[in-house]
Amino acid sequence: MSPITRLVSVGNVVIDVLARIDALPARGADVLATAGRLEPGGGFNLMVAARRQGLATAYAGTVGTGPLGDLALAGLAREQIAVLLAPVPDADTGFCVAMTDADGERTFVTVVGAEAALTPARLDTVSLTATDALAVSGYGLLHPTNCEALAARLPRLPDAATVVYDPGPLGHTAPAAALVAVQARTDWWTGNAREAALATGLTDPADAARALVATLTRGRVVVRTGADGCLLADRDGTVRHVPGYRADVVDTNGAGDTHTGAFVAALAAGLDP
C-alpha cells in the first residue's frame with residue numbers, strides 16, 4: 001500500500017430523517033418524537049470524519065436531482081468534500097428514517113433513491129490513483145447497479161491503492177460474487193462485533209476477527225467492540241486489543257462510519273494502526 005493522500009468514498013449518501021424518541025412504539029401504535037431534523041447521512045458521516053481530521057476527501061457515489069439531492073450536495077459542499085459525479089436526472093436522493101431511543105440506540109428504515117444508480121460507466125469516469133483510499137460500504141453491494149460497478153472496478157484499481165470495506169448491518173446478505181471481489185481486494189475490513197458475527201457465524205469477536213482475516217487475500221481487520229474499544233487482527237491471525245475511550249452515549253447513529261473515517265485519516269497521517 002502507498003501512503004494515503006485522499007479518501008474517495010462510494011458509500012451511499014442519503015438523507016437521515018432523524019427522530020429522537022423515548023422508546024420504539026408497539027406495532028400499530030404512535031409515539032411523539034422529542035426532537036427531529038433532516039441531515040445528510042449514510043456514507044456522508046465517514047467522509048465528514050476523515051475531512052475534519054484534515055484528509056482530502058471526495059464522493060464518487062451518486063446523488064439525485066431534487067430537494068433531498070440538493071440537501072446532500074449542500075452538506076458535502078459545507079464540509080469541503082469534492083463531488084466527482086454529476087447528479088442523476090429524474091431521481092431524488094433516498095432517505096433513512098433513523099429513530100434514536102433514550103439509550104442512544106438507533107433503528108433504521110431506508111427508502112432507496114438515486115444513490116442506487118452507480119453504474120459501471122459512471123464509476124469508470126472516476127480516476128483513482130495509488131495514493132487513494134477507496135471506502136466501500138456493504139450497503140452499496142445491495143443495489144444491482146452499484147454491485148456490478150464495484151465488482152468490475154475493484155480488480156482494476158492500482159495495486160498500491162488502499163481499499164477500506166465496512167459491511168454495515170446488511171453486508172453479509174450481498175451477492176456471493178460481490179463479496180468474493182471485495183475479499184480479494186480489501187486492505188482493511190472494519191465493522192462492529194455484530195457485523196463480524198453475521199459475516200462469520202462466530203459470536204466471539206476475536207474468533208470472528210481471525211476468521212475474517214482468513215477470508216481476505218491481502219487485508220487486515222478491525223472489529224469495534226463498543227465501550228471496550230477495538231480488536232485489530234493481523235495477517236498472521238494475531239489479534240490485539242485497542243482500548244476505547246470513556247464517553248457518554250448521546251447517539252450511536254453514524255458512530256461506526258465516524259470511527260472508520262477517522263481511522264483512515266489517522267493512517268494517512270502516518271499513525272500505527
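In helix α6, A193, A196, A199 and T200 meet P205, A208, A211 and L212 of helix α7, where meeting means contact, with heavy atoms within 4.5 Å. This is a predicted model, so to speak of local features pLDDT must be at least 70, side-chain atom pairs count only at pLDDT 80 or more, and totals for chains, interfaces and linings use all residues. Residues are numbered from 1 along each chain as its sequence is written, and side-chain values use heavy atoms, with hydrogens and water left out.

**The α6/α7 pair**
- Helix α6 covers residues 193-200 and helix α7 covers residues 205-215; they pack at an angle of about 55°, with axes 9 Å apart.
- That angle makes α6 oblique to α7 (under 35 degrees is roughly parallel, over 145 roughly antiparallel, 65 to 115 roughly perpendicular, and the rest oblique).
- The α6 and α7 crossing is left-handed, meaning that the near helix is turned anticlockwise from the far one by less than a right angle.
- Sorted by class, the contact of α6 with α7 has 7 nonpolar, 1 polar and no charged residues.

**Nonpolar cores**
- The largest nonpolar core has 35 residues, and V10, L134, V136, L141, W189 and V221 touch the most other members. A core here is a set of buried Ala, Val, Leu, Ile, Met, Phe, Trp, Tyr and Cys residues joined through side-chain atoms within 4.5 Å.
- Elements giving two or more residues to this core include β8 (132-137), α4 (144-153), α5 (176-185) and β11 (220-224).
- Helix α7 supplies the largest share of this core, 5 residues.
- Setting aside neighbours within four places in sequence, V10 is in contact with A60, G61, L118, L123, L134, A135, V136 and L150.
- Apart from this core lies another, of 16 residues, with L55, C230, F263 and L267 among them.

**V223, in strand β11**
- V223 lies in strand β11 and, at 0% relative accessibility, counts as buried (buried is under 20% relative accessible area, exposed over 50%, partly exposed in between, with a 1.4 Å probe and protein chains only).
- Beyond neighbours within four places in sequence, V223's contacts include W189, A193, A196, P205 and A209.
- V223 and V109 sit 114 residues apart in sequence and 24 Å apart in space, C-alpha to C-alpha.

**A255, in helix α8**
- A255 belongs to helix α8 (residues 255-268) and counts as partly exposed, at 43% relative accessibility.
- A255 and N45 are 210 residues apart in sequence and 8.3 Å apart in space, C-alpha to C-alpha.

Key: Axes are lines fitted to C-alpha atoms, for helices over the stretch in contact, and angles run from 0 to 180 degrees between N-to-C directions. Helices (H or I, at least four residues) and strands (E, at least two) are DSSP runs, numbered from the N terminus. Ala, Val, Leu, Ile, Met, Phe, Trp, Tyr, Cys and Pro count as nonpolar, Asp, Glu, Lys and Arg as charged, and the others, Gly among them, as polar.
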